[in-house]
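The following exercises concern the structure shown below. Each task is followed by a solution in steps.

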Amino acid sequence: MRAPDWLTARPVAHRGLHDASRGIIENMPGAFQAAIDGNFSIECDVQLTADGEAMVHHDDALGRLTEGSGPLLGKTAAELKAVKFNNTAERMMSLGDLCALVAGRVPLVIEVKSHYDGDRKLVARMAEVLASYSGPAAVMSFDPDQVLALREEIPERPRGIVAQRNYDDDYWKKLTPEQRHGMLHLRHAFRTRPHFVAFWVNQLPAPAPWIARHVFGLPLLTWTVRTPEQRVRAARYADQMIFEGFRP
């Protein structure tokens with residue numbers, strides 16, 4: 001499968017076209033509706049619940065943007081759908097809710113959030129939801145094991161790897177050295193067979209995405225573009241940007 005042209009045709013709104021100053025919070029319905037109204041593709045995150053649902057949320061715990069506290073993995077979908085975003089009346093959505101809202105009007109770029117434990121339940125649920133969705137949707141993850149799961153369980157959807165040049169900061173210390181090593185330089189690509197790469201803009205240019213783009217012909221998205229300098233870098237080294245904080 002070649003990555004479809006729609007993947008890079010329009011800028012991709014990071015977690016929707018959110019703007020906290022206007023009360024539009026990332027990954028909530030209003031942010032997705034704003035992206036639809038602007039004809040931007042939508043990037044979003046999905047997390048697994050205690051009862052195997054795919055919920056649209058970046059963090060693996062409540063509290064930063066929402067009421068409540070505690071890990072999403074310890075709560076049911078019904079409990080999470082009752083959760084309000086701070087200072088709004090909007091509530092958390094499932095992936096099915098998002099698909100119903102978007103209804104194919106703009107492309108979706110869905111990131112699988114991972115606990116890096118090999119669990120495939122989230123991808124399995126995504127496969128069920130996306131099987132009945134006829135709109136354009138791509139799937140991706142930082143975790144090579146989840147990209148492999150996407151390859152095996154949702155082969156009909158374009159899949160990508162989210163990557164950066166190194167994994168040395170504190171966030172990645174939760175992984176084993178072997179896991180971090182396996183993520184470097186896209187060395188898993190012959191196993192995961194991604195159709196595109198999404199790479200951190202601050203670390204472009206870099207050899208691995210250059211090879212993926214120029215040798216293997218994989219489209220290169222870059223995240224998260226916020227500043228004029230990053231926008232110039234994205235235009236020079238990538239095929240399309242995942243952006244936030246401004247309107248292209």
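**Exercise 1: Valine 215**

Valine 215 counts as exposed because its relative accessibility is 53%, the cut-offs being under 20% for buried, over 50% for exposed and partly exposed in between (1.4 Å probe, protein chains only). The model is predicted: local features need pLDDT of at least 70 and side-chain atom pairs pLDDT 80 or more, while totals for chains, interfaces and linings use all residues. Residues are numbered from 1 along each chain as its sequence is written, and side-chain values use heavy atoms, without hydrogens and water.

Task: locate valine 215 in the chain.

Solution. Valine 215 lies in the loop that runs between helix H9 (207-214) and strand E11 (220-225); helices (H or I, at least four residues) and strands (E, at least two) are DSSP runs numbered from the N terminus.

**Exercise 2: The interior**

Task: state which residues touch the most other members of the largest nonpolar core.

Solution. Step one: such a core joins buried Ala, Val, Leu, Ile, Met, Phe, Trp, Tyr and Cys residues through side-chain atoms within 4.5 Å. Step two: in the largest core, of 39 residues, the answer is Ile42, Leu95, Leu98, Leu108, Ile110 and Met126. Step three: helix H5 (residues 121-131) supplies the largest share of this core, 6 residues. Step four: a second, separate core has 32 residues, among them Met183 and Leu218.

**Exercise 3: The whole chain**

Task: give the share of residues that count as buried.

Solution. Of the 248 residues of the protein chain, 53% are buried. The chain contains 10 helices and 12 strands, and its C-alpha trace spans about 45 × 35 × 35 Å along the principal axes.
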